[in-house]
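Biologist: I am new to reading structures. Please take me through one, feature by feature.

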Amino acid sequence: MSMPLFFVSPEQAQQDVLCLTGEDARHIAGSLRMQPGERLTLSDGAGLMLHCEVEAAEKTAVIVRVCGREPCTSESSCAVTLFQCLPKGDKMDGIVQKSVELGAVRIVPVLSSRCISRPDGAALEKKRRRWQQIAAEAAGQSGRGRIPEVAPACRWEQAVQALSSMQYGLLLYEQQQGSSLSQVPASAAEVGLLVGPEGGISPQEADCCRQAGILCVGLGPRILRTETAGPAAIAVLQYLTGNFE
């Protein structure tokens, strides 16, 4: 069993003795029932890992001493950004969770022409904050050294512009034949993936991507749900770039 991982601020990470409070303390002392002398790992959220020993554990505060620091080795060599068109209901929760577990470094919600879910600005920001919390929890659970950002939502045109500036920009398009993720080389350092909503991508939107130099790729003969396509593609990219070894 791996040691539990929790995130602290970069400022806290410079201290030799830290006091963890709030939900982290309740989880460590209550759920995990950790005792003095047991080990846990902290991360500053920017790639530095701190190996620590519990000195005191109460549900309101846990005191740990840093025994060693080292760079994180669990981050992928390929920085994958998922541009996910907003799905219905709470599907985005699972997309964020699984994408972070699989190594995505950034998730960008996108509003496309066929998005059924179209929350207003305040409601969308409230959802984004929840997705960011889900990303933080998934990063801790999976031993990530960084907390991926869930960015503010953008329009289709903005997503296409961002993708076109990346090393490899890809549109997952169910009507595309003959092109697949295997075209991404093992040396790829940056990939952007654009995934449509339940209603798919319109021909006009696909043309917009092609004109911007974005490669349209398929995921085989089966049609995947929007909540499946992104995480599946991220997993394939991690394999292709040697990050499942």
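Modeller: Start with lysine 91, which is partly exposed, with a relative accessible area of 23%. Keep in mind that this is a predicted model.

Biologist: Which side chain does lysine 91 meet in a salt bridge?

Modeller: The general idea comes before the case. Side chains of opposite charge can pair when their charged atoms come close. Here, lysine 91 meets glutamate 227, at 4.0 Å from N to O. Lysine 91 sits in helix H2 and glutamate 227 in helix H6 (residues 226–240), so this pair links distant parts of the chain, 136 residues apart. Glutamate 227 is partly exposed too, at 25% relative accessible area.

Biologist: Which residues are linked with Lys91 in a network of salt bridges?

Modeller: Glu198 and Glu227 are linked with Lys91 in that network.

Biologist: How many salt bridges does a search of the whole structure find?

Modeller: The search finds 13. One of them joins arginine 69 to aspartate 16, with the closest N and O atoms 3.6 Å apart. Arginine 69 lies in strand S5 (residues 61–71), and aspartate 16 in the loop between strand S1 (5–7) and strand S2 (17–21), so the pair ties together parts that are 53 residues apart in sequence.

Biologist: Are those two side chains buried, exposed or partly exposed?

Modeller: Arginine 69 is partly exposed, with a relative accessible area of 36%. Aspartate 16 is also partly exposed, at 47%.

Biologist: Please show me another pair.

Modeller: Take arginine 39 and glutamate 53, whose closest N and O atoms are 3.5 Å apart in a salt bridge. Arginine 39 is in strand S3 (residues 39–43) and glutamate 53 in strand S4 (residues 48–57), so the bridge ties together parts 14 residues apart in sequence. Arginine 39 has a relative accessible area of 41%, which makes it partly exposed. Glutamate 53 is partly exposed at 30%.

Biologist: Which residues line the largest cavity?

Modeller: Our Lys91 is among them, and the lining also includes Leu86, Asp90, Ser117, Arg130 and Trp131. Helix H2 (91–101) and helix H3 (121–141) are the elements that give two or more residues to it. By class, the lining has five nonpolar, two polar and five charged residues.

Biologist: Last, a helix. Which residues of H5 are buried?

Modeller: An α-helix has 3.6 residues a turn, so residues three or four places apart point the same way. In H5 (residues 203–211), the buried ones are Glu205, Ala206 and Cys209. These three cover an arc of only 100 degrees around the axis, which puts them on the same side of H5.

Biologist: What do those buried residues pack against?

Modeller: Their partners are helix H4 (156–164), strand S10 (168–172), strand S11 (190–195) and strand S12 (215–217). The face turned away from the buried side carries the exposed residues Gln204 and Gln211.

Biologist: Which glycine follows H5?

Modeller: Glycine 213 follows H5, and its phi is positive, near 85 degrees.

Key: Residues numbered from 1 in each chain as written. Predicted model: local features only at pLDDT ≥ 70, side-chain atom pairs only at ≥ 80, totals over all residues. Heavy atoms only, no water. Buried < 20%, exposed > 50% of the residue type's maximum accessible area, 1.4 Å probe, protein only. Helix = DSSP H or I, 4+ residues; strand = E, 2+ residues; numbered from the N terminus. Arc of directions from axis to C-beta. Contact = heavy atoms within 4.5 Å. 1 Å grid on protein atoms, 1.4 Å probe; cavity = no way out; pocket = protein on both sides within 12 Å on 5 of 7 lines; lining within 4 Å. Nonpolar A, V, L, I, M, F, W, Y, C, P; charged D, E, K, R; others polar.
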